[in-house]
Amino acid sequence: MVPMRGEQPALYEKGQTFPESPIRFKRTSVGEGVRGLPLIANVQIVDFDGDGRNEILVCDITGSRITLVEADKHNQWTERILVEHVSVPAHVTAVDFDGDGDQDLLVAILGNILPDDGVIGRVEYYENLGTEFRKHVLLDHVRRVADVRPGDFDGDGDLDLAVAVFGYARGQVLWLENQGNLHFVEHELHRAPGTIHVPIGDFDGDGDLDIAAIVSQDEEELLIFDNQGQGQFHPRRIWKSVNLDLGSAGLVAADLDRDGDLDFILPAGDNLEDAEAYPQPYHGCLWFENQGEWKFISHRISHLGGTYAAAVGDLDGDQDEDIVLVSMANDWNDPGHASLVWLENNGQQDFRSWQIDSQPIHQITIAMGDLNHDGRMDLVAGGLNLRRPYHRMGRITMWLQDPVSHAP
């Protein structure tokens with residue numbers, strides 16, 4: 001269990017507007033642009049085609065598809081469809097699943113973006129054939145699937161799967177054992193609704209892959225399934241909130257303090273269940289510092305209202321890990337309120353919040369990486385526009401770092 005310490009004092013008591021970032025960015029809308037209500041569930045920055053330059057992978061709920069946003073030799077960004085007729089894709093992972101040297105796609109299928117306990121979730125694998133993708137359904141007849149991550153959990157040399165079955169009132173955490181020939185055996189690790197993300201990693205340093213899960217529906221808790229070998233896992237509850245309305249919105253595994261082990265970054269600010277989403281004093285971001293021996297210390301490092309997603313990387317180039325956050329439900333009645341901030345790490349894991357932008361609003365997913373091949377970290381975010389106000393909206397938005405600016 002996490003020893004619960006006193007909450008760190010807020011750097012900015014208001015919490016909704018922050019000092020302007022000393023690093024400047026150029027905001028650009030990329031892809032097809034806004035048509036109707038944009039619903040983007042996930043964006044990731046990856047070198048998908050192996051040419052040494054990064055592209056943007058997109059889960060587009062409105063278009064029921066997975067797309068790729070890429071730059072040509074003139075740095076003009078265009079969007080092309082990779083796969084169509086995908087029923088509410090929540091998360092996509094690019095991985096060479098069949099070992100043939102190219103990137104395939106693993107997609108978590110919600111089936112319905114709204115609350116639903118129907119058996120409508122799936123895990124779909126799209127095999128890259130060079131000029132097209134061949135669809136394979138690896139898991140079917142389950143409730144809404146929010147995440148799937150590949151890893152060799154049983155040490156037999158092939159890729160198994162960790163799966164977050166969010167559902168609504170019923171859900172699960174599963175691992176799927178790869179038996180070869182696209183046949184998987186399902187193993188249940190946990191039964192509860194609301195699992196959002198299942199990041200994987202060696203969280204105890206024993207040389208095998210464990211599975212973490214953030215559960216947000218009936219309980220707000222962080223679990224790790226400790227890999228015991230031979231396909232056996234031991235559940236460990238790392239943290240549980242007494243605030244059942246906290247609004248856990250995702251989970252990122254990263255070595256934030258660069259001490260050689262994996263920590264967790266938890267954005268909190270999901271209040272889609274409310275008729276009128278509004279920032280709450282308990283919204284923001286938590287860092288769970290890995291102390292070893294399954295001990296984690298929680299630190300509240302941001303008070304951004306409506307925080308929904310986080311990305312970790314060295315944004316200012318000073319050799320430590322910073323964090324970027326987006327907000328889905330800040331107070332949008334004030335056009336100055338933050339939709340995108342970064343938390344500057346001073347090297348001692350003391351963080352200062354800087355506001356990058358106040359629009360587009362309703363941001364739900366964020367990724368960090370070098371998008372223009374200049375050696376600096378850039379940003380891309382996606383908007384999920386489910387509620388008012390229906391202005392200042394964005395679909396896929398990119399922020400390229402100004403090479404002239406720098407952090408103090």
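A polar contact is taken here as a pair of N or O atoms within 3.5 Å, where, within protein, one atom must be able to donate a hydrogen and the other to accept it, and where residues adjacent in sequence count only if both atoms are side-chain atoms. The model is predicted, so that local features need pLDDT of at least 70 and side-chain atom pairs count only at pLDDT 80 or more, whereas totals for chains, interfaces and linings use all residues. Residues are numbered from 1 along each chain as its sequence is written, and side-chain values use heavy atoms, with hydrogens and water left out.

By this criterion, the side chain of Asn 345 reaches the backbone nitrogen of Gly 347 at a distance of 2.9 Å. Asn 345 is placed in strand S24, residues 340-345, where strands (E, at least two residues) and helices (H or I, at least four) are DSSP runs numbered from the N terminus. With a relative accessible area of 0%, Asn 345 is buried; the term buried stands for under 20% relative accessible area, exposed for over 50%, and partly exposed for values in between, with a 1.4 Å probe and protein chains only. Leaving aside neighbours within four places in sequence, Asn 345 is in contact (heavy atoms within 4.5 Å) with Leu 256, Asp 318, Asp 320, Glu 321, Asp 322, Asp 350 and Phe 351.

A polar atom of the Glu 79 side chain lies 2.9 Å from the backbone nitrogen of Glu 32, and a polar contact of 2.7 Å joins the side chains of Glu 79 and Thr 67. Residues up to four places away in sequence not being counted, Glu 79 touches Gly 31, Glu 32, Thr 67, Leu 68, Val 69, Arg 395 and Ile 396.

Gly 194, in the loop between strand S13 (184-191) and strand S14 (200-201), is likewise buried, at a relative accessible area of 0%. The C-alpha atoms of Gly 194 and Ser 216 are 4.9 Å apart in space, although the two residues are 22 residues apart in sequence. Apart from residues up to four places away in sequence, Gly 194 touches Phe 166, Ile 214, Val 215, Ser 216 and Gln 217.

Strand S6 (residues 89-95) is largely enclosed by the rest of the structure, because seven of its seven residues are buried. Strands pair if DSSP finds at least two bridges between them, and six bridges join S6 to strand S7 (residues 104-109), the two running antiparallel. In this pairing, Asp 104 of S7 is the bridge partner of Val 95.

Aromatic rings of Phe, Tyr and Trp (its six-membered ring) pair if their centres lie within 6.5 Å, planes under 30 degrees apart counting as stacked, over 60 as edge-to-face and the rest as tilted. This rule gives a count of 10 aromatic pairs. For Phe 153 and Phe 233, the ring centres are 6.2 Å apart and the planes stand at 75°, so the pair is edge-to-face. Phe 153 lies in the loop between strand S10 (145-151) and strand S11 (160-165), and Phe 233 in strand S17 (residues 232-240), so the pair ties together parts that are 80 residues apart in sequence. Phe 153 counts as buried at 2% relative accessibility, and Phe 233 is buried with a relative accessible area of 14%. Ring pairs also link Phe 97, Tyr 125 and Phe 184 into a cluster.

Backbone geometry was examined next. The peptide bond from Gln 359 to Pro 360 is cis, with omega near -5°, and Pro 360 is found in the loop between strand S25 (351-357) and strand S26 (363-369). The peptide bond from Arg 388 to Pro 389 is also cis, with omega near -5°, Pro 389 being placed in the loop between strand S27 (378-383) and strand S28 (396-401). Most residues other than glycine have a negative phi, and most peptide bonds are trans. Asn 181, in the loop between strand S12 (172-178) and S13, has a positive phi near 55° and counts as exposed at 84% relative accessibility. Gln 230, in the loop between strand S16 (221-229) and S17, has a positive phi near 60° and is exposed, with a relative accessible area of 75%.
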